[in-house]
Amino acid sequence: MITQSTSAGPLAKRYDAVIVGARPAGAATGMLLARAGLDVLVIDRAARGQDTLSSHALMRGAVDALDRWGILPGIEAAGTPPITRTSFRYGTDVTAFGIEPLYAPRRTVLDPLMADAAAEAGATVRHQTAAAGLLRDDTGRVTGIVVDDASSSDRGREAVSAEIVIGADGLRSWLARQVAAPVTRSGTACASWMMTYVEGADLADDGYLWAAAEGALGGIIPTNNGRHILFGGIPRERFVTSVRGRVEEAYLELMAELGDDMYEAAITARRVGPLRTFPGHVAQFRQAFGPGWALVGDAGYFKDPAAAHGISDAVRDAELLSEAILGGDLENYERLRDDLSTGLFTILERIAGFDWTLDELPGLHRTLSRVMRDELTRFESRHESRPAVLAAA
Ligand SMILES: Cc1cc2nc3c(=O)[nH]c(=O)nc-3n(C[C@H](O)[C@H](O)[C@H](O)COP(=O)(O)OP(=O)(O)OC[C@H]3O[C@@H](n4cnc5c(N)ncnc54)[C@H](O)[C@@H]3O)c2cc1C
């Protein structure tokens with residue numbers, strides 16, 4: 001990696017916004033800014049449609065946004081099954097209810113559809129292209145980046161300048177490191193997760209299943225091609241002491257704790273793809289903007305996957321950031337992001353910290369649901385004040 005303290009030079013292509021990362025946060029921000037008429041470049045070092053380590057249960061906020069933006073029909077056309085039921089299982093006690101359709105599209109489906117929406121809106125979207133250097137002016141303001149294009153044999157580096165460089169580049173954000181964006185708030189809870197896809201599992205058609213046992217969380221998520229995600233989470237201390245070096249055995253033990261159906265599916269259904277682990281990371285907010293730069297999605301605000309809320313927050317914050325850029329008020333972006341996220345952050349500290357007994361968890365999940373509903377209501381209630389150009393988009 002290089003960091004340059006020079007400007008891009010007079011011949012550099014100039015954009016209104018350059019976005020690093022073309023998954024939910026970056027693609028959505030690129031799409032919204034391009035729809036509003038800005039000249040936008042979105043780059044991602046990954047190939048188009050490349051998978052990533054994440055389950056992908058979408059919550060209401062994400063589904064609403066994808067619907068509003070006209071991306072949902074593509075998700076349905078890709079055969080993503082609508083989820084019309086959700087069940088919570090605590091030991092052997094089950095509560096199930098019907099819901100308005102949600103979806104859990106594979107990231108190999110969702111992410112390219114979102115990148116395509118950005119391109120259709122007029123953004124230039126380049127995959128297999130990495131941000132490899134930061135450009136600043138004499139005052140230290142970020143003025144652009146050096147991009148490293150690996151998409152063709154005549155790969156090369158090129159400087160591009162921009163009014164604003166946006167890091168939508170995930171938890172370990174390259175841009176956040178370049179600008180030394182401070183962590184403004186962090187949690188302490190840290191769960192570790194294991195997940196895999198299975199095909200042909202003999203499972204009840206019960207939509208999203210969230211299962212819990214004492215000291216364990218997990219569930220089943222139906223996704224494309226008749227496949228299901230089987231996943232489980234445990235306290236990080238247990239992961240460190242009893243999973244490392246014996247992941248397969250530990251995974252089967254965890255599935256057995258979470259229910260006979262999950263264990264049966266884990267041992268009898270055809271596994272599609274590897275068993276993957278995420279050792280965990282505490283929740284954190286990073287400073288959301290500075291001179292010439294901003295962060296969005298996991299780069300700016302990460303939380304434990306226990307709430308399955310990362311993609312919903314990524315698209316929410318893409319909308320807030322786009323509005324703030326168009327309205328020239330980035331402080332309001334950071335304020336709203338932090339404010340809307342506080343309820344979830346607080347309740348997740350307990351859930352992902354395994355700070356509960358099985359008797360207490362249903363109450364925490366009810367609080368989580370209420371917090372999500374309240375957040376959505378507050379988010380939607382500010383639509384009237386959106387810049388006209390975004391409302392039209
Ligand atoms: C185990 C696990 C399970 C999860 N389950 C769910 C779930 O069920 N539901 C849910 O909503 N969320 C879930 N999440 C969270 C979700 O995956 C993230 O919140 C979401 O991917 C964030 O999107 P993003 O666009 O901010 O960043 P990312 O999806 O992380 O994308 C960042 C992109 O930036 C690119 N990039 C990084 N550096 C550079 C660079 N220098 N140059 C160019 N490109 C770069 C990367 O290639 C990457 O494609 C889960 C996460 C984990 C780890």
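Helices and strands are DSSP runs, numbered from the N terminus. In these terms, Asn225 is found in the loop between strand S12 (216–222) and strand S13 (227–235). The report returns to this residue after an account of the whole chain. The model is a predicted one.

**The chain as a whole**

The protein chain contains 12 helices and 18 strands. Its radius of gyration is 21 Å, close to the 21 Å that the globule rule gives for 393 residues, so the chain is as compact as a globular protein of that length. The C-alpha trace spans about 65 × 50 × 40 Å along its principal axes. Of the 393 residues, 48% count as buried.

The average pLDDT of the protein chain is 93, and 94% of the residues score at least 70. Over residues 1–5, however, the pLDDT is below 50; this stretch has 13 contacts in the model beyond near neighbours in sequence.

Helix H9 covers residues 310–327. At 1.5 Å a residue, its 18 residues should span 26 Å, and the end C-alpha atoms are 25 Å apart, which agrees. The helix is mostly covered, since 16 of its 18 residues are buried, a label that requires 20 or more other C-beta atoms within 10 Å. After H9 comes Gly328, whose phi is positive, near 70 degrees.

The table gives the count for each residue.

| Residue | Other C-beta atoms within 10 Å | Class |
|---|---|---|
| Gln50 | 15 atoms | partly exposed |
| Gln128 | 17 atoms | partly exposed |
| Asn225 | 13 atoms | partly exposed |

Gln50 lies in the loop between strand S2 (40–43) and helix H2 (60–68). Its C-alpha atom is separated by 18 Å from that of Ala314, a residue 264 residues apart from Gln50 along the chain.

Gln128 is placed in the loop between strand S5 (124–126) and S6. Although Gln128 is not a glycine, its phi is positive, at about 50 degrees. Asn225 likewise has a positive phi, near 60 degrees, in a residue other than glycine.

Gln287 belongs to the loop between strand S15 (284–286) and strand S16 (289–290). Gln287 and Ala181 are 106 residues apart in sequence, yet their C-alpha atoms are 5.7 Å apart in space. Leaving aside neighbours within four places in sequence, Gln287 is in contact with Ala181, Pro182 and Thr184.

Definitions and conventions
Residues are numbered from 1 along each chain as its sequence is written. This is a predicted model: local features need pLDDT of at least 70, side-chain atom pairs count only at pLDDT 80 or more; totals for chains, interfaces and linings use all residues. Helices (H or I, at least four residues) and strands (E, at least two) are DSSP runs, numbered from the N terminus. The expected span of a helix is 1.5 Å times one less than its number of residues. A residue is buried if 20 or more other C-beta atoms lie within 10 Å of its own, exposed if 12 or fewer, and partly exposed in between; C-beta atoms are placed from the backbone. pLDDT is the predictor's confidence in each residue, from 0 to 100. Two residues are in contact if their C-beta atoms, placed from the backbone, lie within 7 Å. The radius of gyration is taken over C-alpha atoms; the globule rule is 2.2 Å times the number of residues to the power 0.38.
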